[in-house]
Amino acid sequence: MKITLAHGSGGKSTSELIEKIFAKHFSNPILNMMEDSAVVGGSSRIAVTTDSFVVTPLVFNGGDIGRLSVCGTVNDLLMRGAAPKYITSAFIIEEGADSKMLEQIVESMAKTAREAGVTVICGDTKVVEGNGGVFINTTGVGFIGESTDIVSTNLRDGDAIVVSGNLGDHHATILSARMGIENNIKSDNAPLGEMVRKMLRDGIEIHCMRDITRGGLGTVLNELAGASRVGIEIDEAKIPVDSEVKAFARVLGLDIMHLGNEGKLAAIMPMEQAEKAVNIMRSCKYGENAAIIGRVVKGSGVTLITELGGRRSVTVLYGEGLPRIC
């Protein structure tokens, strides 16, 4: 079945679309009430995030827009130390979209939500003119402890910079698909709740966390250095990168420091706790290649110590980069 404008009319076709695809996979007691708003339990402090996902292609090696939308949303909550709890799901579907592909995306989104421990509590569906595209908007809500204070202004001289794994996988996957290049690179899109929960549970004094998405590690570290008015030095030889991604980037002239990811985080903490944090990450499903890559120093900006022993300044990503990566 192809999606038509009638599926967005609010009538019988809309009801059938919701019943056969969305309600089928997102079913839970809160959503099944089908009220105009969901009523759920609360907390004294909540973290809220919202995001929109427009990736092309919709399905790629290692994931799809449905999985990506959940991972991106819960990871944003986790970076403040929150425990993700609820998520909303609004689909904008272009006419001509294939219903089987749509169901694949919805099923993937529901499966990833279960993995991440969040409940889809409400949503919306609109159909517009177009060429078969699908866009997803989400809002995520999580609960956060009263004493948790993980913010970008917390970096201190001597802190360690830790990343949770190989960089550039998602960027290389999307670009490969668009260019028709066959390789074994898979997107890293993943929910990072396990490693964040374990680090907090085991007493790691996390000063700041960021998920390394659009703009890459270079952009993230520059934002953090600017917010805390410090400098950051990183060791190129210690940055984890898959050999196939590294070769792909070299051939196309891409800078690993500016490649996007969808399942990696950077965590900043006291240097004496960094090895423990890395071991925790490596014990988790998506953290097997975690590494300490640098430290916070006095000064400003981000400096890369190259594999040849030189030094170069790392800037934020300028220009367009790769559009519609997430």
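Cys71 is buried, at a relative accessible area of 0%, in this predicted model. The exercises below start from that residue.

**Exercise 1.** Determine how many disulfides the structure holds, and where the nearest cysteine sulfur to Cys71 lies.

Solution. 
- A disulfide is a covalent bond between the sulfur atoms of two cysteines.
- The cut-off for the pair of sulfur atoms is within 2.5 Å.
- The structure holds zero disulfides.
- Cys71 is in no disulfide, and the nearest cysteine sulfur is that of Cys326, 12 Å away.

**Exercise 2.** Describe how helix α2 packs with helix α3, and which residues meet.

Solution. 
- Two packed helices are described by the angle between their axes and the distance between the axes.
- Helix α2 spans residues 65-78 and helix α3 spans residues 99-116.
- Their axes are 7 Å apart, at an angle of about 30°.
- Angles under 35 degrees count as roughly parallel, so α2 and α3 are roughly parallel to each other.
- The crossing of α2 and α3 is right-handed.
- On the α2 side, the residues in contact include Ile65, Val70, Cys71 and Val74.
- On the α3 side, they include Ile105, Met109, Ala113 and Ala116.
- The residues of the contact of α2 with α3 comprise eight nonpolar, four polar and two charged.

Key
Residues numbered from 1 in each chain as written. Predicted model: local features only at pLDDT ≥ 70, side-chain atom pairs only at ≥ 80, totals over all residues. Heavy atoms only, no water. Buried < 20%, exposed > 50% of the residue type's maximum accessible area, 1.4 Å probe, protein only. Axes fitted to C-alpha atoms, helices over the stretch in contact; angles between N-to-C directions. Helix = DSSP H or I, 4+ residues; strand = E, 2+ residues; numbered from the N terminus. Parallel < 35°, antiparallel > 145°, perpendicular 65-115°, else oblique. Left-handed = near helix turned anticlockwise from the far one by under 90°. Contact = heavy atoms within 4.5 Å. Nonpolar A, V, L, I, M, F, W, Y, C, P; charged D, E, K, R; others polar.
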